[in-house]
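Here is a short report on how two parts of one protein chain meet.

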Amino acid sequence: MIVCRSCGGEVSIVLSLGPAPLANALRSADRLDEAETRYPLDLAVCRRCSLAQLAETVPPAVLFKDYPYLSSFSDTMLRHAEMLAATLVHRYALDSDALVIEIGSNDGYLLQYLRSAGIRVLGIDPARAACARAESRSIPMREAFFGSALADALVREGLRPNAIVANNVMAHVPDLNDVVAGIARLLAPGGVFVMETPYVRDLMEGLEFDTIYHEHVFYYSFTAIDQMLVRHGLRPIDVARVPIHGGSLRVSAAVDAARASSAVAALLAEEAEWGVRELTTYRTFADRVSAVRVELREFLLARKKAGRRLAAYGAAAKGAMLLSTLGIGSEVLDFVVDRNPRKQGHYLPGTHVPISPPERLLSDMPDDVLLLAWNFADEIQAQQAEYRRRGGTFIVPIPVLRVA
Ligand code: ZN
């Protein structure tokens, strides 16, 4: 029996996508011939708390040591962070006495806006590159994984934050209960915990199966978040669906449940109606994923067979995973472009498609560009207006295959 990492209940496997390589493990040219480790990739759902999760996990130290993702390379992420910072300051009346701690603060893309507003900040992130970038912006950092031990150490230093933010991090922490326990102990009295995480309902309805990979251990419903928080003495006081990353939940929580907005009960009721606790809800999704995988693969192979030259846009983890689960590699795609200079010159894990700067779209003019970063489709198509003007075509694979 496999047990739930949140509540300890029994889980059932609903979708198998593996074995697959680690989605962020880019290959350098001199190591292309080395054997690549593949790990199982099975999505399971807890029968007790309904939390969707990977049945098997890879140790975080293996996954995040050389994590190449820097948030500030996306304009959409920066705009989203700026708005969130303004909302936090206004909503929770943060002033120059306030302290905000962000868990998984990456390169400081969010904290920079709070710091500009005169608020004290502290970032926590295990990735060396992200910490170095944040420190270069004068954002104080702790290079560490967050958990109850670090929370207790911070409390001993007298650091009790008025707000703790954990955006796009709660999906990544296998020892979920230790992290939430640490957050509950660290918050100043009256403080608020704010988390954003991809929403499992959006993932399923939008067929975003390429966001299922080893770094993402958990796929949250609000129902599952509610039970996780309550177990540690926190209660959701507000919830909203936000459009970032293909659809996310923003949940605010505090010790005092009397502050709860009506959105909390409303979303719990909506999820019950949707079937958040029914295994068939997840099995129907799995069947749709199987059909789409076949359709996408056949479409790309047909374009190639017709003599078209294909490339891709977006060397992010989910792009690597989509190609890996489709079994589409360098025999179909000439190259993939990405704005992050740290990725350029490397190769995607598994499929070994070479990564180039975006300028190569204009210099090489492939006939089709598969938009792997489909969640930034509007941003990328606007940036690549010249490629399209010269006759280039984008293929958007998800949620519905379309040529744009
Ligand atoms: Zn559970």
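Asp 75 and Arg 339 form a salt bridge through their side chains, at 3.8 Å from N to O. The model is predicted. Between domain 1 and domain 2, the salt bridge count is one.

On the side of domain 1 that touches domain 2, two elements give two or more residues each: helix 2 (75-91) and helix 7 (200-205). The residues on this side divide into twelve nonpolar, six polar and four charged.

Now the domains themselves. The protein chain is divided into domain 1, residues 63-265, and domain 2, residues 281-403. Their C-alpha centres lie 30 Å apart. The contributions to the contact are as follows.

| Domain | Residues in the contact |
|---|---|
| Domain 1 | 22 residues |
| Domain 2 | 25 residues |

How much area do domain 1 and domain 2 bury between them? The figure is about 2,200 Å², with 69% of it on carbon and sulfur atoms. Which residues of domain 1 lose the most area to domain 2? They are Leu 207, Phe 209 and Asp 210. Together these three account for 33% of what the domain 1 side buries.

Conventions. Residues numbered from 1 in each chain as written. Predicted model: local features only at pLDDT ≥ 70, side-chain atom pairs only at ≥ 80, totals over all residues. Heavy atoms only, no water. Domains from an automatic or database assignment. Contact = heavy atoms within 4.5 Å. Buried area = accessible area lost by both parts, 1.4 Å probe. Salt bridge = Lys/Arg side-chain N within 4 Å of Asp/Glu carboxyl O. Helix = DSSP H or I, 4+ residues; strand = E, 2+ residues; numbered from the N terminus. Nonpolar A, V, L, I, M, F, W, Y, C, P; charged D, E, K, R; others polar.
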